[in-house]
Amino acid sequence: MTTRRHFLQTSAAGFFGAALVSGARAATLPEAPMQDKPDMQPPLAPPSGRPYNPVVTLNGWTLPWRMKDGWKEFHLVAEPVRRQIAPGMTAHLWGYNGQSPGPTIECVEGDKLRIFVTNKLPEHTTIHWHGVLLPSGMDGVGGLTQPQIPVGKTFVYEFEMKKSGTFMYHPHADEMVQMAMGMMGFIVVHPKNPAFMKVDRDFVFIINAYDIDPGSYTPKINTMLDFNLWSWNSRVFPGIDHLAVRKGDRVRIRMGNLTMTNHPIHLHGYDFEVTCTDGGWVPKAARWPEVTTDIAVGQMRAIEFTANEPGDWAFHCHKSHHTMNPMGHHVPSMIGVDHRGVAEKIIRLIPEYMVMGERGMADMGEMEMPLPDNTLPMMTGTGPFGPLEMGGMFTVLKVREGLARNDYKDPGWYKHPQGTQAYAWAGEAPRHLRAPGAATPGKANFSIRKPTSHKGH
């Protein structure tokens, strides 16, 4: 059986930038760790070098590195992977080191990085270091700044991290296909001064999207806008990790958008400031409080707040169809339509037939209906008080007292103190009053036409 180490050590000589690497040098490649589970891994404390507070990647991990002659060496392997999108659905994607997205790369401002990239895809590739300031020949644009990385070969990228901040990596070769298949990852460059922009908890995730038909496993690579899986780190609700936070912590959440549309990311229960963008840290005088930040295509944002209010707080994209799982975009709206006569006739022929949609779609969150293989309910998830009726880009920020410093385990559902939760009114129902001159409700005929797609959203 060929192991990953055996493959890397015995494959044909790679390339150093645009130059060939000798066979002896190829044998000294750093290890390429692999992770194929979708569980959040603990923060990876730096074993040497400058100190920093490591990040936590939702449903992901940080790539280990080694020091050699003053360089931090990393090894990425571009390869086909299988990714569990949520329990009940797996996708056949392309990624790095066993996962999509690939592992997070962490380093410190001023570090010299040497990143080996081995290509185990069925076609050539490159890596572009999105937002990183570096020499042109290291920018990773196939055909423009370097030759493509052929199948089975290894290239080396070397550059110094000139500034701290939040960045990404992705191919610049057959880009539409390779990014549609899930090839992307996060780069976090910590400040040289560990006291600068210090936080207690630092989360990261990439916003991505797929179009995978129910019953199939591979994304449709030619889709432009009409995706049916809106994901964070190639996961959808209820598969996205919760963000466990200790009360009083200073919290940062870093996000990068590699979909084909913008995403207004909204946090309940808090206001926050955008403290870092694609271009670097935002001076305090230039910030303002927000509860939603809109992240355009190719942009990165880091938000910060102090977690002073315990509870379970929803965190999601505010485009409502982005908090749903695969759905039929061409199904007409049946709200307000009286099905009874038609339904009775259909039931005589199909006893299992059920009327759906005339009162809205909330019933979908409660039903356990048969599904095609390898897909997910449109609305799903159960909270402490019933169906959550969510999907896609949705998770929960869980703020609790007494969590340990590096405790990121799910603390369970919040127990609301007495008198702090909405309750049912037990008194007399109020009379329905109408404004003077308001029309009296009567019988009216109307029709509803639903758009056939949400293109452009």
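Helices (H or I, at least four residues) and strands (E, at least two) here are DSSP runs, numbered from the N terminus. With that set, M224 is in the loop between β13 (201–210) and β14 (229–232).

Two notes on the source. This is a predicted model, where local features need pLDDT of at least 70, side-chain atom pairs count only at pLDDT 80 or more, and totals for chains, interfaces and linings use all residues. Residues are numbered from 1 along each chain as its sequence is written, and side-chain values use heavy atoms, with hydrogens and water left out.

The scale: buried is under 20% relative accessible area, exposed is over 50%, and partly exposed is in between (1.4 Å probe, protein chains only).

Now the rings. The whole structure has 13 aromatic pairs. Rings of Phe, Tyr and Trp (its six-membered ring) pair if their centres lie within 6.5 Å; planes under 30 degrees apart are stacked, over 60 edge-to-face, the rest tilted. Take W129 and Y157: centres 5.3 Å apart, planes at 75 degrees, so edge-to-face. W129 sits in strand β9 (residues 128–130) and Y157 in strand β10 (residues 154–160), so this pair ties together parts 28 residues apart in sequence. W129 is buried at 0% relative accessibility. Y157 is buried too, at 1%.

Next, a stacked pair: F205 and W232, 4.4 Å centre to centre, 25 degrees between the planes. F205 belongs to strand β13 and W232 to strand β14, so the pair ties together parts 27 residues apart in sequence. F205 and W232 are both buried. Ring pairs also build a cluster of Y96, W129, Y157, F159 and Y169.

Charges over rings. The rule: NZ of Lys or CZ of Arg within 6 Å of the ring centre and within 35 degrees of the ring normal. K72 lies over the face of W65, 4.3 Å from the ring centre. R201 lies over the face of Y408, at 4.7 Å.

On to salt bridges. Side chains of opposite charge can pair when their charged atoms come close. The cut-off is a side-chain nitrogen of Lys or Arg within 4 Å of a carboxyl oxygen of Asp or Glu. The whole structure gives 19.

Look at E273. K284 meets E273 in a salt bridge at 4.0 Å, N to O. K284 is in the loop between β19 and β20, E273 in strand β18 (residues 273–277), so the pair ties together parts 11 residues apart in sequence. K284 is exposed, at 59% relative accessibility. R287 also bridges to E273, with the closest N and O atoms 3.2 Å apart. R287 is buried, at 16%.

R301 and D278 form another bridge, at 2.8 Å between the closest N and O atoms. R301 is in strand β21 (residues 300–306) and D278 in the loop between β18 and β19, so parts 23 residues apart in sequence are tied together. R301 counts as buried at 14%, while D278 is partly exposed at 22%. Finally, shared partners join D202, R250, R252, R254 and E304 into one salt-bridge network.
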